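Visitor: Please show me the model, and then let us go through it by question and answer.

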Amino acid sequence: IANQGGIELVIKAMKTHANNEEVGDNGCWALAMLGSHDKTREMIAQQGGIELVINAMKQFAKSDDIQNNGCMALAALACDNKENCAAVAEHGGLELVLKAMKEFTDEEEIQDNGCAAIGNLSFCNVSNRVSVTEKGGLELSMSAMERFTTNVSLQASCCCAVGNLASSQKEDNAEIWLNGVIDAMKRFPSNDDVLRLGCHALESWSSVSLKCRSYVETHDGVSLARHAWKFSLSRKAKVRLKLEILTIPNRFIFNDDFLSRNPSV
């Protein structure tokens, strides 16, 4: 679709019919779907797609469909892309995601996509991590995690947010965030996404302080994460997790000795 000019047509439609709610809704959804690859993320951003999504969310603030698809689009466009993470924040997208989560607390899909956006926007941008922390993004994610315990996608998204925000947190509320991650991993013991992102979160928080590390260890976090690595995670998930955790200083759970004895492939 992208190679045949699909992105250009979606963006043209959103610009031409900026006041049409249905076009805005379907346009956000289309950009979310098209933004699932590195190349298309860049193409969408270069053609003003991020701004169009944000404008639609602003203009149709009461539309749960546009807020949902807008959060989903921003999450997709921010994934593993430093420039897009910065652009979303620069144009006010981060605040819109948090606002949507606050105003549509009972909308499960908005909470899921909002948590995914928080996690992706925080992954490679220190400024975004600080903003999310100051504006209560982690609390919003944890609240969603506690309310929608059977939604595996949301649980994975929340584990992602908790892990990516660890470096900007103090240890004061660590027990709350860590309990959420540990509970999710126990609830979904065979889900690659929950386990991979949960392992990353536990390792990230273990590097915050000795107190956090001790809490992870005494509340089954270490044994849970290592068991997932040895017996539950797929080969693909382990390869990806290893790339993620190697960037964490002072690794404790997946230290060099453990990884040498338990290779990912």
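Guide: Helices here are DSSP runs of H or I with at least four residues, numbered from the N terminus. The model they are taken from is a predicted one.

Visitor: In which loop does Asn250 lie?

Guide: Asn250 is not a glycine, yet its phi is positive, at about 55°. Its relative accessible area is 57%, and exposed means over 50%, so Asn250 is exposed. The residue lies in the loop between α16 and α17.

Visitor: What is the phi of Asp80 near?

Guide: Asp80 is found in the loop between α5 and α6 (82–90). For this residue, which is other than glycine, phi is positive and near 55°.

Visitor: Is Glu244 buried or exposed?

Guide: Glu244 has its place in helix α16 (residues 235–245). Leaving aside neighbours within four places in sequence, Glu244 is in contact with Arg196 and His200. Its relative accessible area is 15%, and the cut-off is under 20%, so Glu244 counts as buried.

Visitor: How many aromatic pairs are there?

Guide: A pair of aromatic rings is described by the distance of the centres and the angle of the planes. To count as a pair, the ring centres must lie within 6.5 Å. By this rule the number of aromatic pairs is 3.

Visitor: What is the geometry of the pair formed by Trp229 and Phe258?

Guide: Trp229 and Phe258 have ring centres 6.4 Å apart, with 70° between the planes. The pair links distant parts of the chain, 29 residues apart: Trp229 is in helix α15 (residues 221–232) and Phe258 in helix α17 (residues 256–261). Planes over 60 degrees apart set the class, and the pair of Trp229 and Phe258 is edge-to-face.

Visitor: With which residue does Phe254 form an aromatic pair?

Guide: The pair is edge-to-face, with 5.6 Å centre to centre and 65° between the planes. Phe254 counts as buried because its relative accessibility is 0%. Its partner in the pair is Phe258.

Visitor: Which residues do ring pairs link into a cluster?

Guide: Trp229 counts as buried because its relative accessibility is 1%. Phe258 is buried too, because its relative accessible area is 2%. The cluster linked by ring pairs consists of Trp229, Phe254 and Phe258.

Visitor: How are α8 and α10 oriented to each other?

Guide: Helix α8 (residues 108–123) packs with helix α10 (residues 137–147) at an angle of about 140°, and their axes are 10 Å apart. On the α8 side, the contact is made by Gln111, Cys115 and Ile118, and on the α10 side by Gly137, Leu140, Ser141, Ala144 and Arg147. The crossing of the two helices is left-handed. Roughly antiparallel would need an angle over 145 degrees, so α8 and α10 are oblique.

Visitor: Which residues in α7 does α5 meet?

Guide: Helix α5 (residues 64–78) and helix α7 (residues 93–103) pack at about 135°, with axes 10 Å apart. At that angle α5 and α7 are therefore oblique to each other, and α5 passes α7 in a left-handed crossing. From α5, Gln67, Cys71 and Leu74 meet, in α7, Gly93, Leu96, Val97 and Ala100.

Visitor: Which helices do the buried residues of α4 pack against?

Guide: In helix α4 (residues 49–59), the buried residues are Gly49, Ile50, Leu52, Val53, Ile54, Ala56 and Met57. These buried residues pack against α1 (6–16), α2 (21–34), α3 (38–46), α5, α6 and α7.

Conventions: Residues numbered from 1 in each chain as written. Predicted model: local features only at pLDDT ≥ 70, side-chain atom pairs only at ≥ 80, totals over all residues. Heavy atoms only, no water. Phe/Tyr/Trp six-rings, centres within 6.5 Å; stacked < 30°, edge-to-face > 60°. Buried < 20%, exposed > 50% of the residue type's maximum accessible area, 1.4 Å probe, protein only. Axes fitted to C-alpha atoms, helices over the stretch in contact; angles between N-to-C directions. Parallel < 35°, antiparallel > 145°, perpendicular 65-115°, else oblique. Left-handed = near helix turned anticlockwise from the far one by under 90°. Contact = heavy atoms within 4.5 Å.
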